[in-house]
There are 2 protein chains.
Amino acid sequence: MDSVEHTSSRTKSFTYKTGTTWLESRSGTLSSEGKPTLRVASPPEFKGERGVWTPEDLFVGSVEICHMTTFLSFAAQRKLSIISYKSHANGVLEFIDGDYRFTRIVIFPTITVGSAVAETDVHTLLREAEKHCLVANSIASIVEVNPTIIVQPG
Amino acid sequence: MDSVEHTSSRTKSFTYKTGTTWLESRSGTLSSEGKPTLRVASPPEFKGERGVWTPEDLFVGSVEICHMTTFLSFAAQRKLSIISYKSHANGVLEFIDGDYRFTRIVIFPTITVGSAVAETDVHTLLREAEKHCLVANSIASIVEVNPTIIVQPG
């Protein structure tokens, strides 16, 4: 059984499958068919562990990676050459009305391109990636993108 | 610099920090200070790779782990003894109004306890975990929990 199920090409629906197993205290493993199993736990501030991936990290990371891959996909479609892309992201968790929730995720991409013309295209594609990132479209938090674009002629 | 910043105990706010670096095509790495770096990519159905964690997997996984750790935290508070906990989760991605989004995440926990009394408590705590899971509270998708509870007297 694969970890993804493509229900039908007509309905454009996919099912992603994951699994968890509790180990001890507030830690366990996260698995998905055919992929390396991850150790996971609550973060130290919620009585968990340091140095282990947490649900909070993976939530913020899933938005950040989705933004990167969406941008790269648009760049490939437009044949826009990218020299490098890296980013960091901050996800803000706040206690509001008796519950914690992520209110805001801010992504800071640093993108290097070869010309000033490409720089303009990057801004356009970043706006499109922000609009079409499927994970960002699935969450209730505000997502902001604050890019830095470096022009490095070859 | 730690990957988590506790802004203030009065406002109960935490900031989770992650980073990505593009490698090639639609793949890269996901990092968080002090944790093992993950290889990540788009899934094959979006021109990515097989056998690598994707934003889609990590989104579904973050909800699933958060549900587990929230449940375990409530069980510890009530001194409810759990013999084992594992789950699997299905996240349904659908193309609606011109964009993909996760419409539904269904979590199937299998929980083993030592008595029929504990079984009743587990149902109560599962409902509370469903209500208070901070990642589930941060997303727009419907989250459903379909538990199987096994009573295994010691």
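Here is a short chat about a predicted model, covering chains A and B.

Q: Hi! How many residues does each chain put into the contact?
A: Chain A gives 69 residues, and chain B gives 69 residues.

Q: And which elements of chain A supply at least two residues each to the side that touches chain B?
A: Those are strands S1 (4-8), S2 (13-24), S3 (27-31), S5 (82-96) and S6 (99-113), along with helix H1 (55-77).

Q: Which of them gives the largest share?
A: That is H1(A), with 15 residues.

Q: What about the classes of residue on that side of chain A?
A: There are 28 nonpolar, 27 polar and 14 charged residues on the side of chain A that touches chain B.

Q: Switching to strands: how many bridges join S2(A) to S5 of chain B, and do they run parallel or antiparallel?
A: S2(A) and S5(B), residues 84-96, are joined by 9 bridges and run antiparallel.

Q: Nice. Now the helices of chain B: how do the axes of H1 and H2 cross?
A: The axes of H1(B), residues 55-77, and H2(B), residues 116-132, come within 9 Å and cross at roughly 130°. H1(B) is therefore oblique to H2(B).

Q: Is that crossing left-handed or right-handed?
A: H1(B) passes H2(B) in a right-handed crossing.

Q: Which residues make that contact?
A: H1(B) uses His67(B), Thr70(B), Phe71(B), Phe74(B) and Ala75(B), while H2(B) uses Leu125(B), Leu126(B), Glu128(B), Ala129(B) and His132(B). By class, the residues of this contact are 6 nonpolar, 3 polar and 1 charged.

Methods:
Residues numbered from 1 in each chain as written. Chains lettered and ligands numbered in written order. Predicted model: local features only at pLDDT ≥ 70, side-chain atom pairs only at ≥ 80, totals over all residues. Contact = placed C-beta atoms within 7 Å. Helix = DSSP H or I, 4+ residues; strand = E, 2+ residues; numbered from the N terminus. Nonpolar A, V, L, I, M, F, W, Y, C, P; charged D, E, K, R; others polar. Pairing = 2+ DSSP bridges. Axes fitted to C-alpha atoms, helices over the stretch in contact; angles between N-to-C directions. Parallel < 35°, antiparallel > 145°, perpendicular 65-115°, else oblique. Left-handed = near helix turned anticlockwise from the far one by under 90°.
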